[in-house]
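Biologist: I have the model open and want to go through it with you. Can you take my questions as they come?

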2 protein chains.
Amino acid sequence: MSMRKLKVFIAMSLDGYLAAPGDDLSFLEQLPPTGEDHGYQEFMHDIDTVVMGRRTYSKLLSMEVTVPHEGCKHFIFTRDCSLQSEDTSVQYVVAAPVEWMKQEKAREGKSIYCDGGASLLRAFWEADLVDEWIVSVVPVILGNGIRLFEQAQGEFNPIWLKPQSIKQYKSGLMQLHYSR
Amino acid sequence: MSMRKLKVFIAMSLDGYLAAPGDDLSFLEQLPPTGEDHGYQEFMHDIDTVVMGRRTYSKLLSMEVTVPHEGCKHFIFTRDCSLQSEDTSVQYVVAAPVEWMKQEKAREGKSIYCDGGASLLRAFWEADLVDEWIVSVVPVILGNGIRLFEQAQGEFNPIWLKPQSIKQYKSGLMQLHYSR
């Protein structure tokens, strides 16, 4: 049985920030409205499991973004053992992300989508667990904020990726697609 | 008279580093040799002036990269007043980069190329002096090193760019082209 894939589908500014200071995602709303979904629906076809950090989850909820995704299981990583979800498709997880992900990838299912934040992502890419990257570059220099890529914490050997495709959207997004 | 343009033509890893720790640029040499120049010659056609920081200049000299560029004037920014170049096309500059650049842009000539490093670039983009960005994304996660984009130092209003084109090279580089 082949392992399930862990995929990242995320936007960043040209200078590498996924959010402006204060978890501010308003720059994403300043893209011109072109009706494009930037490949999101197609991407989600292959996904049945979504993982994210607790802070990202709270932020998305506050923005009334579509969370949870219909038909997907959601696992929210937190260090707070007391959190309980009332949504049956959302489960809080206090386990170590890397070990948990290795087990999850070995289960049956479609691909797994990590929607951030940067710390959870760092844990996964540092352990070389990310199989696919779809990074949409927003044509803006933010100057400050939360970097998509935190520094590696331990000894780290560079990870080379296989370029798949690039796509320029009318909205101004330039989307880079890589596989491991 | 229209002002001269300041252009940046630079490579970074997917995680935003222009060099690995220790000013190490060896990841650039690990791209497969495809004979492509990634648009460099075409870019240089429009350039008659090159500016860079002293540390970048020393690094390039040590790598025996083509510096100085034939037919171009070179200005190397440094805080060390004692430096003198024996090469007549290379001049050390101790002036404040932003004021100097504003004056240089007002002179007659072709475009100006800033070849780094990150601090000199930051001074220029933070003052909104960069007119064109050609950023080549190398398909690697380095994990650590020198970020192409330092944090803005002062109050900073996001700078939106005009997407021009994207190009995928056989070498694996994905090149993003923006103008101001």
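Biologist: How many bridges join strand 1 of chain A to strand 7 of chain A?

Modeller: This is a predicted model. In it, seven bridges join strand 1 of chain A to strand 7 of chain A, and the two strands run parallel. As an example of a pair, A:Phe9 stands opposite A:Ile134 in strand 7 of chain A.

Biologist: Which strand 6 residue is the bridge partner of A:Val8?

Modeller: A:Cys114 in strand 6 of chain A is the bridge partner of A:Val8. Strand 1 (residues 6-13) and strand 6 of chain A pair in the parallel sense over three bridges.

Biologist: And strand 3 with strand 6, parallel or antiparallel?

Modeller: Parallel, over four bridges between strand 3 of chain A and strand 6 (residues 111-114) of chain A. A:Val50 has A:Tyr113 of strand 6 as its bridge partner.

Biologist: What is the strand order of the sheet in chain A?

Modeller: The order is 5-4-3-6-1-7-12-11, an open sheet of eight strands with mixed pairing. Strand 5 and strand 11 of chain A each have a single partner strand, so one side of each is left without a neighbour in the sheet. The twist averages 20° from one strand to the next.

Biologist: Is strand 4 of chain A buried or exposed?

Modeller: Four of the five residues of strand 4 (residues 73-77) of chain A are buried, so the strand is largely enclosed by the rest of the structure. Strand 4 pairs with strand 3 (residues 47-53) of chain A in the parallel sense over five bridges. Strand 4 also pairs with strand 5 (residues 90-93) of chain A, again in the parallel sense, over four bridges.

Biologist: Which residue of strand 4 is the bridge partner of A:Met52?

Modeller: A:Ile76 of strand 4 of chain A is the bridge partner of A:Met52. A:Ile76 also stands opposite A:Tyr92 in strand 5 of chain A.

Biologist: Switching to helices. How many residues of helix 4 of chain A are buried?

Modeller: Seven of the nine residues of helix 4 (residues 118-126) of chain A are buried, so this helix is largely enclosed by the rest of the structure. The buried residues include A:Leu120, A:Leu121 and A:Trp125. A:Arg122 and A:Glu126 are buried as well.

Biologist: What follows that helix?

Modeller: Helix 4 of chain A is followed by A:Asp128, which has a positive phi, near 55°.

Biologist: On to chain B. At what angle do helix 3 and helix 4 of chain B cross?

Modeller: Helix 3 (residues 97-106) and helix 4 (residues 118-126) of chain B cross at roughly 65°, and their axes come within 9 Å. The crossing is right-handed. Helix 3 of chain B contributes B:Pro97, B:Val98 and B:Met101 to the contact, and helix 4 of chain B contributes B:Leu120, B:Ala123 and B:Phe124. By class, that contact has six nonpolar, no polar and no charged residues.

Biologist: Which strands stand at the edges of the sheet in chain B?

Modeller: Eight strands form an open sheet in chain B, ordered 5-4-3-6-1-7-12-11, with mixed pairing. The edge strands are strand 5 (90-93) and strand 11 (162-168) of chain B, and each pairs on one side only. Neighbouring strands of this sheet are turned by 20° against each other on average, direction ignored. Helix 2 (residues 54-62) of chain B packs on the sheet and touches strand 3 (47-53) and strand 4 (73-77) of chain B.

Biologist: How many residues of each chain are in contact with the other?

Modeller: The contact takes 28 residues of chain A and 28 residues of chain B. On chain A, the strands that each supply at least two residues include strand 7 (132-138), strand 11 (162-168) and strand 12 (174-179). The side of chain A that touches chain B has 21 nonpolar, six polar and one charged residues.

Biologist: Last one. Which residues touch the most other members of the largest nonpolar core?

Modeller: A:Val137 and B:Val137 do, in a core of 90 residues. Leaving aside neighbours within four places in sequence, B:Val137 is in contact with residues including A:Leu176, B:Met12 and B:Leu176.

Terms used:
Residues numbered from 1 in each chain as written. Chains lettered and ligands numbered in written order. Predicted model: local features only at pLDDT ≥ 70, side-chain atom pairs only at ≥ 80, totals over all residues. Contact = placed C-beta atoms within 7 Å. Nonpolar A, V, L, I, M, F, W, Y, C, P; charged D, E, K, R; others polar. Axes fitted to C-alpha atoms, helices over the stretch in contact; angles between N-to-C directions. Left-handed = near helix turned anticlockwise from the far one by under 90°. Pairing = 2+ DSSP bridges. Core = buried A, V, L, I, M, F, W, Y, C linked by C-beta atoms within 7 Å. Buried ≥ 20, exposed ≤ 12 C-beta atoms within 10 Å, placed from the backbone.
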